[in-house]
Amino acid sequence: MALFYKTKKDARKEGTGLYYGVPVYTGRVGLEQLAKEIEQMCSMTESDVMAVLVELISVMNDELNVGNKVKLDGFGTFQINMRSKGISVEEEFGAENIRGAACVFTVERRRPSNSKKYIRAFCEDVKLEKWKYLKPVPAVGA
């Protein structure tokens, strides 16, 4: 299988008008589907896998909310970032200046010893293929 892409023109007001490649997502996989697939590859049942995944999410939430980064080896790192209003006097800065927080994921990467380029997890074996979907032809008389 391949990761499909299509081209999209930069249509921003200040944009370049150039065409760029963007991914075409052909579906979505949830926890239940992942649990079913994992069950096929190990000795755990689907319900055991689901229990582990649900608890992983719960524990990660707890760790992130006390200021820890969560690193899953071979996968990446989750952390909470925040946006805030700038204040000229440090002593006047308070929680009211925090505009929001968001969970950020950074995929793990490694650099082979014979290369200057990093390889991101999950991207090493990606095969790209141009999306060939044609828009449906309207029915006669429509």
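**Entry 1: a residue in a loop**

I began with E92, which I found in the loop between β4 (76-84) and β5 (98-107). For these labels, helices (H or I, at least four residues) and strands (E, at least two) are DSSP runs, numbered from the N terminus. Before going on, I noted that this is a predicted model, where local features need pLDDT of at least 70, side-chain atom pairs count only at pLDDT 80 or more, and totals for chains, interfaces and linings use all residues. I also noted that residues are numbered from 1 along each chain as its sequence is written, and that side-chain values use heavy atoms, with hydrogens and water left out.

Is E92 buried or exposed? I looked it up: E92 has a relative accessible area of 53%, so it counts as exposed. The classes are buried under 20% relative accessible area, exposed over 50%, and partly exposed in between (1.4 Å probe, protein chains only).

Which residues does E92 touch, if I leave out those up to four places away in sequence? They are I87 and N97, where contact means heavy atoms within 4.5 Å. I then checked R110, 18 residues from E92 along the chain, and found 42 Å between the two C-alpha atoms.

**Entry 2: the sheet on either side of that loop**

Next I traced β4 and β5 into their sheet, which is open, has 3 strands in the order β3-β4-β5, and pairs in the antiparallel sense. Two strands pair if DSSP finds at least two bridges between them. β3 (70-72) and β5 are the edge strands with a single partner each, so one side of each has no neighbour in the sheet. On average, neighbouring strands here are turned by 25 degrees against each other, direction ignored.

I counted 3 bridges between β3 and β4, and one partner I looked up was T77 in β4, which is bridged to K71. Helix α2 lies across β3, β4 and β5, and runs at about 140 degrees to β3. For such angles, axes are lines fitted to C-alpha atoms, for helices over the stretch in contact, and the values run from 0 to 180 degrees between N-to-C directions.

**Entry 3: a nonpolar patch**

α1 (31-39) and α2 (46-64) each supply at least two of the patch residues, and α1 gives the largest share, with 3 residues. I picked L31, which lies in α1; its relative accessibility is 32%, so L31 counts as partly exposed.

**Entry 4: the other sheet**

My last stop was an open sheet of 3 strands in the order β2-β1-β8, with mixed pairing. β2 (19-23) and β8 (128-130) are at the edges with a single partner strand each, so one side of each is left without a neighbour in the sheet. Neighbouring strands in this sheet are turned by 45 degrees on average, direction ignored.

How do β1 and β8 pair? β1 (residues 3-9) runs parallel to β8, over 3 bridges. Among the partners I noted, F4 is bridged to E129 and Y5 to K130. β1 and β2 pair in the antiparallel sense over 5 bridges, and here I found K9 opposite Y19.
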